[in-house]
Amino acid sequence: MYDLVVIGSGPGGYVAAIRAAQLGLKTACIEKETTLGGTCLNVGCIPSKALLSSSELYYKMQNDAKKHGIQCGEIRYEFSEMMKRKSEVVFGFTKGIEGLFKKNKVDWIKGNAKLTGEHQIDVNGQTIEAKYIILATGSEPIALPFMPFDEKRVLSSTGALALTQVPKSMLIVGAGVIGVELGSVYSRLGSKVEFIEFLDRICPAFDLALSKGLQKSLTSQGMIFHLSQKVVKADLGKQVVLTLESGSQMEADAALVAIGRRPYSQDLGLDALGIKKDPKGFVQIDASFRTSIPHIFAIGDLVEGPMLAHKASEEGVAVAELIAGHRPSIDYIAIPNVAYTHPEVASVGFTEEELKKKGIAYKAAQFPFKANSRARCTGDDEGFVKILAEVSTKKLLGVHILGPNASELIGEATVAIAARMKADELASTCHAHPTLSEAIKEAAMSLFGLPIHL
Amino acid sequence: MKTEIKIPSMGESVVTVTIGSILCPGGAQVKADEEILEMETDKINQALNAPASGKLTLNVKQGDVVKIGQVVGSVDTESVGVAVEEKKEEKQQPKETKREEGVRKQPDEYLKETVKREERAVSQDGKETRKKMTKLRKIIADRLVQVKNETAMLTTFNEVDMSAVIALREKEQESFQKKYGVKLGFMSFFVKAVIGALREFPEINARIEGDEIVYHNYFDIGLAVGTDRGLMVPVIRGADQLSYAEIEKALKELAEKARNGTIAVSDLQGGTFTITNGGVYGSLLSTPILNPPQSGILGMHSIVKRPIAVGDQIALRPMMYLALSYDHRIVDGKEAISFLMHIKKSLEQCTTLS
């Protein structure tokens, strides 16, 4: 009998298992795939960032090196080498988790898990018993009903990360974060990339100013966006031909469907135990991640909220600590969201649209990287920092960054919001010069006063 | 092992303290000497530190009034691993684990925090701002009204020609500073003058307790100091035994402690008479309010050159108004007036620092 069994070894599950073991619980983690790490590590965050880096380096050598006085001659890439490098990065991490499991004495149980009782889990015919269970099975890409994934011409994000050659042209259905990241990879490597987006904007989770700014940047890099369009039909011949609701047709070598992900909550035996799900398949939980059965918890993409690896990890740690008798707390306002495009997009807190809808009295200010000394030195000065703060208390409500290294810059903003800081406190904090982070200080200064460098 | 957390002694007259902000919630892991909660008294706020490292249990909440010496919680010093072992017993019946407040703090809760403050602070039309009184402010307010209600307080005035003090101070300043490393201020002259007058009029150095008058045969002089946290009155003990230099040094040290927040309750307890100097802020004349259970308080004011009659001549002299507020229940008018006259004379006639 284990104290805790975690089902799923993604960034929610493996982190929960390690933390629980650190806190003295006898812990096991069940994984159906042959490697640990889940979607994030095997077919998500990590491989996509590896390819984004490779393709960005290639793109910069072609387009930016000259500006710095560097002549490169003929620049070619070997796609198979890029993919090999990506696989090595992923492999290293999966082995790393195996090592961490061993070090912390977490048992890795291989196979498909199904709950057969309140404390019993069937794994390929073997029954595992646990006092507590954490469901952390994550999510899977949603397919369009008329074009199921074949991962050759109709791709999910998983397939798009495992191609053997770069398609000449690619249609991407859905211009969310996954779409624009993978679209960037292939656009940089020479594909003609076109997006078909149902909404009238891209990346709807971000502040509208970021979405608009990003669309402009990506368009200038050669990507094409068709907004407010719906795909109604797909014909798969040599080419993929998509028919839009408007009647017009588009064709390409491959189509990537990135319209969202759904929780992987089927086939786990939840219904038989009476564990409730909402109509979309998300497992219903209380304020402390408990399902309808109090000693069975659910975290990560399986429950409501943004589908983010770091959110899942925080939740995993919190539940492990809760089970070990601690009193953890997760502050959802301070969970950052990032897209690794170029320029990068990063955000924490409320968007301006959310504040408007909620009727909150706020002030907004922006500071462009064009006026930031470090950005000018590197030559990478697209984008801006936008800060929102409550009018009378000056408390930070949201920080939104489009620009170089936004993914790293957002850390400062996240700490500030988690610490309940006011905009003027951020403005009066010394930032090293010349750094990109000065743009955050200047944006904060602009909120209730004046920036220096604008 | 569990180490009890007790409310420490905070000086003789402090019997109860109010629990202020809880800095570490119950259940948290704390380190020895980490600040776990604030204690509020009518004198100052002071942090209570963890007596040991371990898991904190608190059985008080903000606003609770507790006694000195009362046990308000404990720190379980056993290691985390052992704590888990113990808890495994509870885990045998997982359904009985009690439901906590909830781990998931949703974004709207942050908004409530932020906006609620705003609603409380500024009225709809923006013309008024409301703020909850701090515990300290509330106590000060209650105490001041209590003094007005429970004593027969009135004030008598006089003025003093500061020429002699100024001249003496100028003459001695350099050698005084060289010898003692501290500036010769006006305050030591006033402390000396006050002690001389208190010896003459012991009722002003006394207090009422029930139907008895308690005369203090010692002279602990409180000196009001303005700080960021409000007015504080540190006490110079046995001031009659101190030289000018010792008074100046004690005052400097206490004022620094008061301003940087390191002052202890014991520094603020039990004066027998108080001196307050509104002159540093430019006050020409004001009526100080008694610091109970004391029976007298002397108000110093700004030194202003004024034309006065000296003999049959009009002369320009550095003048200061003096105000003595006193409790008429034990101090008669004649004594109060004579007390001020005594101070006036000793200041106007001082010629040496002895």
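Good morning. In chain A, residues 24 or more positions apart account for 66% of the contacts with a separation of 6 or more, a contact being two residues whose C-beta atoms, placed from the backbone, lie within 7 Å. This is a predicted model, in which local features need pLDDT of at least 70 and side-chain atom pairs count only at pLDDT 80 or more, while totals for chains, interfaces and linings use all residues. Residues are numbered from 1 along each chain as its sequence is written, and chains are lettered from A and ligands numbered from 1 in the order in which they are written.

Of the 454 residues in chain A, 50% are buried, that is, they have 20 or more other C-beta atoms within 10 Å of their own, with C-beta atoms placed from the backbone. Chain A has 14 helices and 23 strands; these are DSSP runs numbered from the N terminus, with H or I over at least four residues for helices and E over at least two for strands.

Let us turn to one sheet. Five strands of chain A form an open sheet in the order β8-β15-β9-β10-β11, with parallel pairing; strands pair if DSSP finds at least two bridges between them. β8 (154–155) and β11 (224–226) of chain A each have a single partner strand, so one side of each is left without a neighbour in the sheet. Strand β10 (residues 192–196) of chain A is joined to β11(A) by three bridges, and A:Glu194 has A:Ile224 as its bridge partner in β11(A).

Finally, helix α6 (residues 177–188) of chain A lies across β9 (169–173), β10 and β15 (254–257) of chain A, at about 160 degrees to β10(A). Such angles run from 0 to 180 degrees between N-to-C directions, and axes are lines fitted to C-alpha atoms, for helices over the stretch in contact.

Notes. A residue is buried if 20 or more other C-beta atoms lie within 10 Å of its own, exposed if 12 or fewer, and partly exposed in between; C-beta atoms are placed from the backbone.
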